Amino acid sequence: MDRSLQDTYAPTHRCFGCGPGNPQGLQIKSFPDGEETVCEWTPQKHHEAWDGTVSGGICGTLLDCHSNWTAAWHLMRRAGQDHPPSTVTSEFHVRLKRPTPSDKPLQLRAKIAEISDDRAVVEATISSGGVVTCTCRGVFVAVPPGHPAYHRW
């Protein structure tokens with residue numbers, strides 16, 4: 001896949017973390033890589049909690065959005081559809097294992113731990129220089145018609 005999941009399926013989406021339509025957002029780009037999804041993202045000075053370290057809240061947002069797209073991608077493939085379902089975060093737990101450096105690109109990886117017809121449990125990491133700095137495990141649910149997020153992308 002040459003284009004990110006976000007650019008392919010939700011080019012006008014406004015989410016702060018992953019929306020291509022939000023010029024002030026984080027603009028993450030998730031790509032399928034076998035059974036995982038990957039993303040490389042470069043922090044800027046305004047993403048820091050203190051000099052040289054990315055804010056934990058920014059790390060949480062990166063993991064949430066990348067994991068949500070991982071769930072949507074796999075739910076789409078499982079159902080044999082050509083467009084991902086609108087998915088939302090039901091819960092996610094972030095573990096900040098060590099400070100995340102802000103002076104170089106970060107690598108995000110996510111994979112499915114469990115999946116059913118309308119939800120997926122995703123495990124994800126942020127790494128810097130080959131060292132995992134944050135982990136996440138979350139539950140992401142495809143929403144039905146009538147939900148405010150239905151057809152958001």
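Exposed here means over 50% relative accessible area. The model shown in all views is predicted.

**View 1. Overall fold of the chain.** The chain holds 2 helices and 8 strands, arranged from the N terminus as α-β-β-β-β-α-β-β-β-β. Its radius of gyration is 15 Å, which agrees with the value near 15 Å for a compact globule of 153 residues. Along the principal axes, the C-alpha atoms occupy a box of roughly 45 × 30 × 30 Å. Buried residues make up 45% of the 153.

**View 2. Salt bridges at K45.** K45 pairs with E48 through a salt bridge of 3.0 Å, N to O. D51 also forms a salt bridge with K45, with the closest N and O atoms 3.2 Å apart. D51 has 62% relative accessibility and therefore counts as exposed. K45 is exposed as well, at 56% relative accessible area.

**View 3. The E123 and R137 pair.** A salt bridge of 2.3 Å, N to O, joins the side chains of E123 and R137. E123 belongs to strand β7 (residues 119-128) and R137 to strand β8 (residues 131-142), so the pair ties together parts 14 residues apart in sequence. E123 is partly exposed, at 29% relative accessible area, and R137 is partly exposed at 34% relative accessibility.

**View 4. A salt-bridge network and the charged side chains.** Salt bridges link D33, E36 and R109 in a network. The count of salt bridges comes to 10. The chain carries 15 positive and 16 negative side chains, and the centres of these two sets are 3 Å apart.

Conventions. Residues numbered from 1 in each chain as written. Predicted model: local features only at pLDDT ≥ 70, side-chain atom pairs only at ≥ 80, totals over all residues. Heavy atoms only, no water. Helix = DSSP H or I, 4+ residues; strand = E, 2+ residues; numbered from the N terminus. Rg over C-alpha atoms; globule rule 2.2 N^0.38 Å. Buried < 20%, exposed > 50% of the residue type's maximum accessible area, 1.4 Å probe, protein only. Lys, Arg positive; Asp, Glu negative; His and termini not counted. Charge placed at Lys NZ, Arg CZ, Asp CG, Glu CD. Salt bridge = Lys/Arg side-chain N within 4 Å of Asp/Glu carboxyl O.
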